[in-house]
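Student: Hi! I have a protein model open and I'd like to talk through it with you. Can we start with the pockets?

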Amino acid sequence: MRVGMIGLGKMGLNLTKNMLDNGIEVVGFDLTTENVKAAEEAGAIAATSLEDLVSKLGDTKIAWLLLPAGKPTDATIEQLTTLLGKGDLVVDGGNSNFKDSMRHNEIVTAAGMYFFDCGTSGGQSGARNGGNFMIGGDDADIFAKYLDPIFKPISEEDGYLYTGKAGSGHYLKMVHNGIEYGMMQAIGEGFDVLENSQYDYDNEAVAKLWNHGSVVRSWLMELTEAAFANDPHLDELLGRMHSSGEGQWTLQEALEMQVPTPVIAMSLMMRYDSMRNPETNFTGKVVAAMRAGFGGHAVDKA
């Protein structure tokens, strides 16, 4: 089995290595030469262009995108519809808006191909060692025949789900990230209270404690512990909480359906507010550290 991986950044390269470890051949392409070289060193087949990548795939071609949402994904999918043939598959593993995925599905389907939108979670370590995937697509039989054998070995146990019609995978990932916003905000606020209390808490020790048997134990708490181990009071960070868009998309969808989501809404507002007072925003520092931990997202240094 062979997959064409388009986009060999932090997530794409790690997912490529994961596939290679599980006996899946990968043809890799990226606009950055160093990324292609890194994939080749890991055992992937290097491609110099999209045309070259397609030419090196099998009879039923699978083109897997891990690109920034928006124009980069739009342009690549448009180009792939002219390069792939009828019956081939396009998988968008990036963080596209589900409405864009529905539009991409129409474009790909009209060209006689199959489109699948894949929400990808678990960060870089998940992509490398066993990820979490939410996959939408209109043809369940095609998924079962061509994609299920790929997702099974590269996922955490019980870590992938075919969710039905196109757009549903990215919709589920959008809501997942909206929940993530609220959870991270709550953790950050809790440590902000501790940091400003009359007591001298060891933040690393508290995070470690809470992650062993408590109700709030989680990977996010583990990442918080690691952040405090490196910087006990996060003095090296500014409290700017950047966002990639899914929290806003979740809130917009909730507003359209008149579903109350006050926690997600407030967590999004607090991310916007963090841009104004990053020096004193300890909550923002904790959230920024978590984001860096799971996704390799950039942090602003003090």
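Student: What kinds of residues line the second largest pocket: nonpolar, polar or charged?

Tutor: Keep in mind that this is a predicted model. The lining of the second largest pocket has eight nonpolar residues, two polar ones and three charged ones.

Student: And which residues are closest to its centre?

Tutor: Those are A227, N230, L234, L237 and A289, out of 13 residues that line the second largest pocket.

Student: Which helix gives the most to that lining?

Tutor: Helix 10 does, with four residues. Helix 13 also takes part, as helix 10 and helix 13 each supply at least two residues of this lining.

Student: How much space is in there?

Tutor: The second largest pocket holds about 200 Å³. For the largest pocket, the volume is about 1100 Å³.

Student: OK, the largest one then. Which residues are closest to its centre?

Tutor: Look for M11, L66, G94, N95 and H297. The whole lining of the largest pocket counts 45 residues.

Student: Which elements give two or more residues to that lining?

Tutor: There are several, and they include helix 1 (10-21), helix 3 (50-55), helix 4 (71-83) and strand 6 (114-121). Helix 8 (168-195), helix 10 (219-230) and helix 13 (282-295) belong on that list too. Helix 8 provides the largest share, seven residues.

Student: Which domains do they come from?

Tutor: Domain 1 (2-166) and domain 2 (173-279) each contribute at least three residues to the lining of the largest pocket.

Student: Nice. One last thing: which residues form a nonpolar patch on the surface?

Tutor: M266, M269 and Y272 do, and together they have about 300 Å² of accessible area.

Methods: Residues are numbered from 1 along each chain as its sequence is written. This is a predicted model: local features need pLDDT of at least 70, side-chain atom pairs count only at pLDDT 80 or more; totals for chains, interfaces and linings use all residues. Side-chain values use heavy atoms; hydrogens and water are left out. Patches are made of residues with over 30% relative accessible area and no salt bridge: like charges are joined within 9 Å, nonpolar side chains (Val, Leu, Ile, Met, Phe, Trp, Tyr) within 5 Å. Accessible areas come from the Shrake-Rupley method with a 1.4 Å probe; for residues, only the protein chains shown count as cover. A salt bridge is a side-chain nitrogen of Lys or Arg within 4 Å of a carboxyl oxygen of Asp or Glu. On a 1 Å grid over the protein atoms alone, a cavity is a set of points where a 1.4 Å probe fits but cannot get out, and a pocket is an open set with protein on both sides within 12 Å along at least five of seven lines; lining residues have an atom within 4 Å of a point. Grid points are joined across faces, edges and corners, and a volume is the space filled by probe spheres set on the points. Domain bounds come from an automatic or database domain assignment. Ala, Val, Leu, Ile, Met, Phe, Trp, Tyr, Cys and Pro count as nonpolar, Asp, Glu, Lys and Arg as charged, and the others, Gly among them, as polar.
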